[in-house]
Amino acid sequence: MSPQQPLPATSIAPARTAPATGAPRKAVALISGGLDSMLAAKVMLEQGIHVEGINFYTGFCVEGHTHAIRNHEHAKPKRNNALWTAEQLGIKLHIIEVIEEYKDVVINPKHGYGANLNPCLDCKGFMVRKAREWMEKNGFDFIITGEVLGQRPMSQRRDTMPVVARESGAFDRLLRPLCAKLLPATLPEREGWVDRNKLLDFNGRSRKPQMALAAKYGFKDYAQPAGGCCFLTNEQYSHKLADLWSTRGSKQYEFDDIMLLKVGRHLRPRPHFKLIVGRDEGENNFLEGYRKRFVHLYATSHEGPLVLIDGTVNEDDLALAARLTARFGKGRDTESVTLTVADIQGNSRELRVAPMPANEIPPEWYL
Amino acid sequence: MSHFVLDARHLLCPMPVIRAQNRIAELAPGDTLEVHATDPGALHDIPAWCRVHGHEIVSVAHVDKEVSITLRVGGTA
């Protein structure tokens, strides 16, 4: 099907085929916490549409966890940008946890990955599908997103936007207010629920039209995630996830796996084990919650990190791990550091080692 | 009207607010829910979520590393 052709009419039958007299049509808006989705929702509110927001928690979201864990983030006021956006717009926000369902998107993306392990096209299709299910369950009429034609290399192209509409099952009930004038008319436009003439024709990667519209609406303080809201777009994070899959021999993960990939310095000195090294007090506190599930080490003669060992280790491996643990603590320049090593049964013992000099750590050990 | 307690300790944001949201969906207007969390982000997220959904924050406490937020369910979940 040509992208210029209108999408087929939706086969779904929302509970609310006709609103009560005088009641507005209802749209569910995908709210990321960024500017574009905020503007798209505002454009609909300006047309008298009842809008409620939906936000999905996949486990890979940048905000939230990293703010909670790292010390340096504590100085900044913590805020959930999606909730903040909803407050600015005066709309409800429904936050949906999709951790388990999302695994298939990450592990088996039909349309492949982007520059890193980001399955953006599959992800957008998944989220619009979940929004479509929510729309049907709650008697809403259509879905809106903040997508802009040509803004993203995978999911926001002229040829992939219809793919999202089709594979999500939303079809012509998916409206992109910020670029709708460049796309075939959707059901809300054809039915006159919204005025197509008041929709927009944003195109390309420039942010100037969005910033101008934000100024028009009086939005001064907004997040600019620009693809940075998902860890899967991060090269280093993707490298760690690829390492996890390759060393385990299968493309699977649990929630704790992807959490731990966000935290600490990861080193793989041997193929059969890696170290997760806390970088500050916040990360050490976070890793404390996992110490009963991993062999772990920490210095007792000096301040230093808590280090988890992911894998099975022998005595030589433990000695190496201890030298590395000493390297990342305050005893790094001393002749010897005393450490405690504890196993998952709770048995612990002392080790005394010479810290490994920085120049003896091959760069390829760092993930 | 009943009082309920939700243990959201050791969960990182946004999980405490998601757990609170899902629990509130099962409660009746006027019920109260006392949420315990250890991520200080809950101090911001749960009241923000309550504001957009029309629920009332009854009390907020932050003692040591634990956050306790009590809210009253509004007219709609």
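Author: Let us begin with the contact between the chains: it takes 18 residues from chain A and 17 residues from chain B, where two residues are in contact if their C-beta atoms, placed from the backbone, lie within 7 Å. The model is a predicted one, in which local features need pLDDT of at least 70, side-chain atom pairs count only at pLDDT 80 or more, and totals for chains, interfaces and linings use all residues. Residues are numbered from 1 along each chain as its sequence is written, while chains are lettered from A and ligands numbered from 1 in the order in which they are written.

Reader: What makes α1(A) roughly parallel to α3(A)?

Author: Helix α1 (residues 35-46) of chain A and α3(A) pack at an angle of about 25°, with their axes 11 Å apart. Angles under 35 degrees count as roughly parallel, so α1(A) is roughly parallel to α3(A). The contact is made by M38(A), A41(A), K42(A) and L45(A) of α1(A) and by T85(A), Q88(A) and L89(A) of α3(A).

Reader: Why is chain B called as compact as a globular protein of its length?

Author: Its radius of gyration, taken over C-alpha atoms, is set against the globule rule, 2.2 Å times the number of residues to the power 0.38. For chain B the radius is 11 Å, close to the 11 Å that the rule gives for 77 residues, so chain B is as compact as a globular protein of that length. The elements of chain B run β-α-β-α-β-β from the N terminus on.

Reader: Why is T334(A) called partly exposed?

Author: A residue is buried if 20 or more other C-beta atoms, placed from the backbone, lie within 10 Å of its own, exposed if 12 or fewer, and partly exposed in between. T334(A) has 13 within 10 Å, and is therefore partly exposed. T334(A) lies in the loop between α12 (315-327) and β10 (337-342) of chain A.

Key
Helix = DSSP H or I, 4+ residues; strand = E, 2+ residues; numbered from the N terminus. Axes fitted to C-alpha atoms, helices over the stretch in contact; angles between N-to-C directions. Parallel < 35°, antiparallel > 145°, perpendicular 65-115°, else oblique.
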